[in-house]
Amino acid sequence: MKIYRNEKFTRIVFSNENSFSLFFTNFLIEEKKLKEENIIVQVSDNINVSKEDLLLFLDIAIQKKGNGTSFVILNPEIDVDDFPENLNIVPTLQEAEDIIEMEAIERELGF
């Protein structure tokens with residue numbers, strides 16, 4: 001797992017784990033430290049990730065939104081229509097950043 005931070009978000013890249021379950025376990029440990037930060041999870045193309053795997057992030061996405069922060073999954077191979085609307089999945093880093101900015105604006109406007 002690689003972690004990159006900037007002033008707007010923390011990007012967690014799933015890269016060196018051998019399985020999704022190992023990555024998710026490591027992610028849960030890191031996520032506890034990032035309660036107040038926007039998070040982008042970048043899923044590596046090196047590992048096969050199922051829909052069920054990604055749905056494990058749904059509760060975290062809902063919690064993050066409730067805490068006034070954003071959660072976005074970055075993966076160009078996923079069909080977003082297969083997932084609930086409140087799980088942000090985008091194909092590019094720029095789109096992930098745009099989601100974070102749009103949600104920040106929505107929070108400021110009281111939506």
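Buried means under 20% relative accessible area, exposed means over 50%, and partly exposed lies in between, all with a 1.4 Å probe and protein chains only. The close-ups below come from a predicted model, where local features need pLDDT of at least 70, side-chain atom pairs count only at pLDDT 80 or more, and totals for chains, interfaces and linings use all residues. Residues are numbered from 1 along each chain as its sequence is written, and side-chain values use heavy atoms, with hydrogens and water left out.

**View 1. Lys2 in strand S1.** Let us start with Lys2, which belongs to strand S1 (residues 2-5); strands (E, at least two residues) and helices (H or I, at least four) are DSSP runs, numbered from the N terminus. Lys2 counts as partly exposed because its relative accessibility is 42%. From Lys2 to Gln42 the C-alpha to C-alpha distance is 9.7 Å, although 40 residues separate them in sequence.

**View 2. Strand S3 and its partners.** Four of the five residues of S3 are buried, so this strand is largely enclosed by the rest of the structure. Strand S2 (residues 10-14) pairs with S3 in the parallel sense over five bridges; two strands pair if DSSP finds at least two bridges between them. Here Val13 has Gln42 of S3 as its bridge partner. S3 also pairs with S4, again parallel, over four bridges, and Ile40 stands opposite Val72 in S4.

**View 3. The two sides of helix H3.** Which residues of H3 (residues 58-66) are buried? They are Leu58, Ile60, Ala61 and Lys64. These residues sit on the same side of H3 because they cover an arc of only 160° around the axis, the arc being that of the directions from the helix axis to the C-beta atoms. Asp59 and Gly66, on the other side of H3, are exposed. The buried residues of H3 pack against helix H1 (20-31), strand S3 (39-43), helix H2 (51-55) and strand S4 (71-74), with contact meaning heavy atoms within 4.5 Å. After H3 comes Gly68, which has a positive phi, near 85°.

**View 4. The largest pocket.** About 150 Å³ of space lies in this pocket. On a 1 Å grid over the protein atoms alone, a pocket is an open set of points where a 1.4 Å probe fits, with protein on both sides within 12 Å along at least five of seven lines, and lining residues have an atom within 4 Å of a point. H3 gives the largest share of the lining, four residues. Among the lining residues are Ala61, Lys64, Phe71 and Glu103.

Note on methods: Points joined across faces, edges and corners; volume = space filled by probe spheres on them.
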